[in-house]
Amino acid sequence: MPSTTYQPYKMEQVSKKELNTEAQKNIFGRIALNMSSNTVPGISSVQSSSMHDNKPNVLKVMKILLALVFAGWIFIWIIVPTSTYRYTWSPKLYADTNSTYFGRQGTNILIFAFPVMFIAVLGCIYLHLSKKNVHTGNRSSKFSSQMAAWKRPVLVRGPLGVVSGIELAFCLMFLALLVWCFWTYLSVSFSRLKIHGSEKVWKAKLDSVGLRFGLIGNLCLAFLFFPVTRGSSLLPLIGLTSDSCIKYHIWLGHIVMTLFSAHAICYIIYWASTNQIDEMIKWSKTDVANVPGELALLTGLVLWATTFPRIRRKMFELFYYTHHLYIAFLFFFMLHVGIGFFCMILPGVFLYMVDRYLRFLQSRTKVHLVSARLLPSEGIELNFSKNPGFSYNPLSTIFINVPSVSSLQWHPFTITTSSNLEPERLSVVIKKEGSWTQKLYRALSSHTNVDGLDISVEGPYSPITMNFMRYESLVMISGGSGITPFISIIREFINQSNTLNTETPNLVLICAFKNSMDLTMLDLLLPVSGNVSDMSRLNLRIEVYVTREKEAPINVAQTMIRTICFKPNPSQTPISPVLGPNSWLCLAAIISSSFIAFLILIGILQRFYIYPIDKNTGEIYSLSSRTILNLLFMCLSIVVASTIPFLINKRRNMKDAKQIKSLDLPTPMTSPSSWYHCSDREMESLPQESLVKATKVHYGSRPDLKKSLLEIKEENVGVMTSGPTGMRHEVAAICSSGLGSNLHYESISFSW
């Protein structure tokens, strides 16, 4: 197996002779260093805890309270199908809460909506208080064996992908909840089944079964929007991110549509067998409306059909556009069941609407694209200006929209920079694969617009914890552009070792590339600018495998990285937090104020308009009209409560943007084309001997992952993988096989 030490190349356009000379000298490209004596943003967790000694106790009490409220909310769903709740508790609850301000709707708001909204608001306060006390873990050999066993993958291959023990346990508990509710619903219903006239028993039971399918589907729908609410506090409270929870949303979506389809089929058969097929075209004024339910099902089926992997991967744009039918699905579903029943799933929808509107507001702002680097592998690195006070954790993701490429499409990408190491810059790497990325690459490579591109962003969305820092050794395995999440991790360790002077774990980076042009991805491991870029203090070993080439190429002229710089645009601003530095507190205020405003508005509507008409009987005033009015009040409350703090923070960001200087923009000296290609401003190259010595390239072979992992003998080894599905499954299978009890698989989300 041929191998050689990696000889990195210059980033800019220089002559072939110079490139070969630099390669022979083992110089790792031209790195522009922006040294600064300013303190790197970020406060030590030790200092923070010493200033606030009482915080841990307060946080612990808050966490216990949150857990108890959530357990109570789950308990409500467990007892709802029972006869005790239906015939004893429910009548008393409705009698006690059936006020002239909310009617029967108020009961469902109280027992189904209020607990989750309370958790969301208190969770925001909890995350704000714990923000400066983020627990990164201790690199101790006494790693919890019980927790490690629960986190090991137990399912590797199959339709569910890689599933850990704790994920499987929660999935089984959720399925048990569905089975319990369905069986209990049927048992209670069948025990009190009433046969009308000559109706056969099986028809009456079919009617009951169809209704119960709908009720269980509603239970799943109550959880459906939690995993895709990116800015919510619910996921960070349990250490999750929206990206890592997409699979839960997919699973729930399949279950929801299966149950609702069964619900519809049962009723169609029932109506046909009882000569009531005309029920399909009835729109009841004060009861369940069938026509909106059928429209909701049709839009849901169209949406569902495009979510299957073959269609989603081959026709992503079709999947993306049809997925917006969820708006029509929810609207018709509300008209079908009425606002009172819809309040059972209100929290997930309400929180998602708040998050979606805040994302809409942020997306209206154009951000400053400082430069773009076009890699020989046809990848792109976009470098944005960032507010220096805005920090995020490694493995954060950001959503990007380029209107000149597609005005509707948003794509997630993993951030490669460290906010502590590079306080004024945020970068992402984009692999040229789909039609969207191909259009973006052509737009940048043609560089017809020297003013740059109009780009909007949503995020960043950061994981709350950094578990990868608790290990003695950390093995990072990537395939192709899957290296991008590990770039941010390595840069964070550079900051830890140099700025904070803390001990870092042993790092092993195993990369697999198709050809040698992809080797320039390693140039991105070192920041272009920042306070610190010394890797000599890291115990880093890099094993690179070039699978489709037998030996190192002789002609290195094709491996240049081309850098394009853009002049600043007054209408563009640095990337800043959408709600300011105290975003969690601001989000808590938005959620609480919008929900309270919604309650006040529907209370006024009920007391002074609806109640005088039907006196809480529900038999006179149109249920559809009441549902639409509730929906309008909900949207109005969210829009007002979210827009005011956003505009206040935007004004503050505009003031800060004027004080942020542009990052090394070129001075016009020659032709306009050279101004924006950095040809006249390149700084002197610096040899990065520590990185060169740590890197070894193997040509014509693939990594033996099993051998590489089992050779590591430390007692506490974290294993992270990013890249093709087959590679992730292979690594997960090795970690779960029991051959290496010291290996702890860490699941990460990867977007590019």
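Y267 is buried, at 16% relative accessibility, where buried means under 20% relative accessible area, exposed over 50% and partly exposed in between (1.4 Å probe, protein chains only). W271 is likewise buried, at 10%. The model is predicted: local features need pLDDT of at least 70, side-chain atom pairs count only at pLDDT 80 or more, and totals for chains, interfaces and linings use all residues. Residues are numbered from 1 along each chain as its sequence is written, and side-chain values use heavy atoms, without hydrogens and water.

Y267 and W271 lie 4 residues apart in helix α10 (residues 246-273), about one turn of the helix; helices are DSSP runs (H or I, at least four residues) numbered from the N terminus. Rings of Phe, Tyr and Trp (its six-membered ring) pair if their centres lie within 6.5 Å; planes under 30 degrees apart count as stacked, over 60 as edge-to-face and the rest as tilted. The count by this rule is 30 aromatic pairs. Two of these pairs are tabulated below.

| Pair | Centre to centre | Angle between planes | Class |
|---|---|---|---|
| F70 and W73 | 6.1 Å | 40° | tilted |
| Y267 and W271 | 5.6 Å | 45° | tilted |

F70 and W73 are 3 residues apart in helix α3 (residues 55-79), and are therefore separated by about one helical turn. F70 is partly exposed at 42%, whereas W73 is buried at 2%. Ring pairs link F70 and W73 with W77, F112, F174, F223 and F226 into a cluster.

Charges also sit over rings (NZ of Lys or CZ of Arg within 6 Å of the ring centre and within 35 degrees of the ring normal). R104 lies over the face of Y94, 4.0 Å from the ring centre, and the charged end of K205 sits over the ring of F190, 5.1 Å from its centre.

Methods: Helix = DSSP H or I, 4+ residues; strand = E, 2+ residues; numbered from the N terminus.
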